[in-house]
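Trainee: This structure is new to me, and I would like to go through it slowly. Please take me from single residues to the way the chains meet.

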Amino acid sequence: MNKRSFLLLFFLLLMGFFTYFYNYWNPPKQFWDENYHIASAQKYIDRVMFMEPHPPLGKMLIALGEVLLHPNKNIDKSSFDRTDYIKHFPKGMSFAGYRLFPALFAWLNVALFFLILYELTRNDWLSFFGSFLYLFDNALIVHSRAAMLESIQLFFIFGAIWWFVKKYDSPKSLKDYLILGIWSGLAIAVKANSAIVLLLLFLWLLKDIQTIGIKLKEFVGAGVYALGAAAIFLGIFYLHFALGQKIMDHRTYTASPKYQQIIKNHQTANPANFLVMLRDNLKYMENYEKGVPKLNLCKPGENGSLFIGWPLGIKAINYRWEKHGSQVQYVYLQGNPVTWMLGLIGVVLSVVLVLAVWIFGLPIKNRRTFEFIASFTFVYISYMIAVGQIPRVMYLYHYFIPLTISYILAVLVLYYLFEEQITKGDKIVWGSITLIAAAIVFVWWFYSPFTYYKPLNTEQFNKRVWFDYWQLKAIR
Amino acid sequence: MTTGNSKLFDKRYGLLLFAIALWVWIGYSIASHTTRHIIKATIIQSSKPIRSIDDPLVPIKKEVLWIDKLYFPKGNELRHPLYGYLGYRHDFVIHFDAKFSLAKKGPVRFIIYSDDGFRLKIDGKEVMEYPKDRPFSKSEKEVVLSKGEHTLHIKYFQGFGQLGIVGYYQEGSKRHLIGQDGEALRFEEQ
């Protein structure tokens with residue numbers, strides 16, 4: 001990267017500060033899953049044993065933010081240790097600590113997203129404008145400015161993708177495999193659906209087999225990758241066990257008598273007990289997932305949605321609202337329609353291109369770009385197929401991983417189609433890109449009341465209901 | 001620059017066209033979802049049952065909405081295309097107020113489908129009414145109106161069960177929803 005690239009990156013980070021990070025502690029009221037995640041995070045702070053459906057890393061970082069900033073040091077939060085769902089938050093409680101790392105990672109994701117695009121296209125201006133897709137997506141922003149897991153998860157996924165792209169067509173050392181394994185392990189240690197990053201290893205191996213044939217080094221590399229991912233994943237769980245040093249109010253979850261005895265003996269940090277605690281935690285996670293209700297579209301107020309509707313933004317979720325006379329403030333999970341549409345177009349055109357090449361023998365213009373398009377299309381489709389098999393209720397934010405992949409695809413397809421003109425600085429092409437980028441920013445601003453808790457009356461709200469299937473509903 | 005072998009189309013202009021179309025779509029989406037202040041609908045929810053148009057109300061909620069056409073289709077809950085389901089099901093009254101102008105003197109036929117009753121006034125004078133409850137049914141009346149500005153007021157009530165009100169006017173052979181402009185009759189933005 002040259003000086004200009006760094007300047008563009010700096011400018012993106014500056015904008016990202018305002019879209020993702022600035023004022024992230026507002027509203028100072030909980031919404032969506034914060035009731036769960038803050039309860040879990042506080043237990044780490046107070047060394048209380050608990051079990052949870054998600055792996056521990058995200059909540060550990062949420063707790064770390066509270067420890068670092070400790071804005072609630074004079075507030076009694078001990079009740080958080082006796083519940084998994086906080087019904088009433090203490091008056092005057094600040095969310096600045098708990099939300100610090102989700103907002104911070106979301107902000108840093110801007111840089112990682114730029115680096116991914118830069119590695120893919122080697123064009124800093126295109127990467128700059130392409131980053132607008134992440135930078136100005138209202139759904140990603142609103143969800144990331146809360147004590148929730150997805151922005152942290154995306155940070156590690158972006159890290160894995162960046163490393164995957166960076167080393168894709170160069171000879172890989174075992175250290176490279178290890179680094180990809182570490183990124184993957186960190187992502188999976190936040191949320192299990194990050195396991196989609198395992199496909200990156202598969203794609204690396206496929207590329208190497210194509211280039212140098214089947215070699216022992218590839219098998220060793222895969223082993224090192226698995227080792228790195230497993231070490232991180234299990235290491236995080238070790239930390240989770242070590243921090244759970246006491247049982248609060250007989251809340252043992254599904255801890256076996258042996259596990260309970262380990263806690264009584266203050267032996268949770270003893271590696272010899274690791275397997276017992278891991279087994280009990282994994283069993284709890286499995287049972288918890290079985291207990292989550294299924295999607296019921298006939299249920300009034302159902303927030304869940306079918307995965308096939310996600311690319312169209314189905315369905316928006318009203319996380320929080322507050323009415324003041326005729327004005328209502330909202331925290332609404334609603335995407336930027338322009339970025340979501342560009343992402344969908346990116347996916348559709350990628351599928352068309354891949355099929356045209358593989359079925360109809362269309363000549364490939366740029367082999368490297370085509371391989372990335374095919375790879376990310378494969379990851380996108382794999383995620384959607386996998387998530388379609390999950391019987392429990394799922395929500396629009398479960399689309400965030402493929403959504404960001406679709407953004408990458410949109411930029412790649414544009415680059416594939418107009419590489420020559422982009423490189424030469426063709427005025428018509430760059431004018432068009434600027435117009436598209438301006439549209440992204442304008443629509444982000446237009447939908448920003450949903451993102452930043454700004455008041456709207458019913459008419460102003462309705463102005464934003466461009467499609468009924470989003471199921472945006474004004475509070476009157 | 002060409003696409004494929006056709007040599008007919010410069011794909012750079014395709015991208016430019018897409019970028020322009022994107023802005024047109026944004027503009028259209030905003031404009032088409034912007035409520036025009038044509039008809040003022042004042043909804044009053046009563047805690048006391050209402051069984052006819054002049055029954056006294058005990059108001060527990062009052063809400064003012066602006067709508068572009070008198071179209072609340074038959075159903076179990078009050079619904080308008082601009083607002084979706086509005087949450088009103090029983091024992092409420094709506095006052096609709098609008099202004100329109102006629103380019104020339106002539107007969108105008110008003111057609112109201114309602115469940116339950118309604119009363120229509122033009123320039124403060126009663127034109128027609130159905131004061132009691134009924135299933136979704138039609139009432140119509142023709143009036144001769146002078147050239148110039150006029151006011152329209154409709155009071156509608158819903159008691160229990162199904163509901164709905166849809167209003168049309170007819171000038172010549174063409175029928176339009178109340179709120180939408182015809183050839184000689186034009187509604188005024190308020």
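Trainee: Does A:Lys77 count as buried or exposed?
Mentor: The scale used here takes buried as under 20% relative accessible area, exposed as over 50% and partly exposed as in between, with a 1.4 Å probe and protein chains only. The relative accessibility of A:Lys77 is 10%, so this residue counts as buried.

Trainee: Before we go further, what pLDDT do local features need in this model?
Mentor: Residues are numbered from 1 along each chain as its sequence is written, while chains are lettered from A and ligands numbered from 1 in the order in which they are written. The model is predicted, and although side-chain values use heavy atoms, with hydrogens and water left out, totals for chains, interfaces and linings use all residues, side-chain atom pairs count only at pLDDT 80 or more, and local features need pLDDT of at least 70.

Trainee: Which side chain meets that of A:Lys77 in a salt bridge?
Mentor: A salt bridge here is a side-chain nitrogen of Lys or Arg within 4 Å of a carboxyl oxygen of Asp or Glu. For A:Lys77, the N to O distance is 2.8 Å, and the partner is A:Glu66. That partner lies in helix H3 of chain A, whereas A:Lys77 lies in the loop between H3 and helix H4 (100-121), so the pair ties together parts 11 residues apart in sequence. Buried as well, at 2% relative accessibility, is A:Glu66.

Trainee: How many residues apart in sequence are the parts tied together by A:Arg82 and A:Asp249?
Mentor: Their side chains meet in a salt bridge of 3.2 Å, N to O. Because A:Arg82 lies in the loop between H3 and H4 of chain A and A:Asp249 in the loop between helix H11 (216-243) and helix H12 (257-264), the number of residues that separates these parts is 167.

Trainee: Turning to the backbone, which residue does a cis peptide bond join to A:Pro27?
Mentor: A:Pro27 is found in the loop between helix H1 (3-21) and helix H2 (34-45) of chain A. The omega of the bond is about 0°, and the residue joined to A:Pro27 is A:Asn26.

Trainee: How many residues of chain B are in contact with chain A?
Mentor: Contact means heavy atoms within 4.5 Å. By that rule, 30 residues of chain A touch chain B, and the number on the side of chain B is 27.

Trainee: Which residues meet in the salt bridge between chain A and chain B?
Mentor: The count between the two chains is 1 salt bridge. Its N to O distance is 2.7 Å, and the side chains that meet are those of A:Asp426 and B:Arg12.

Trainee: Which helix gives the largest share of the side of chain A that touches chain B?
Mentor: Helices and strands are DSSP runs numbered from the N terminus, with helices (H or I) of at least four residues and strands (E) of at least two. Between the chains, 7 residue pairs are in polar contact, both at pLDDT 80 or more. The elements giving two or more residues to this side are helix H14 (337-358), helix H16 (400-424), helix H17 (427-451) and helix H18 (458-462) of chain A. With 10 residues, the largest share comes from H17(A).

Terms used
A polar contact is a pair of N or O atoms within 3.5 Å; within protein, one must be able to donate a hydrogen and the other to accept it, and residues adjacent in sequence count only if both atoms are side-chain atoms.
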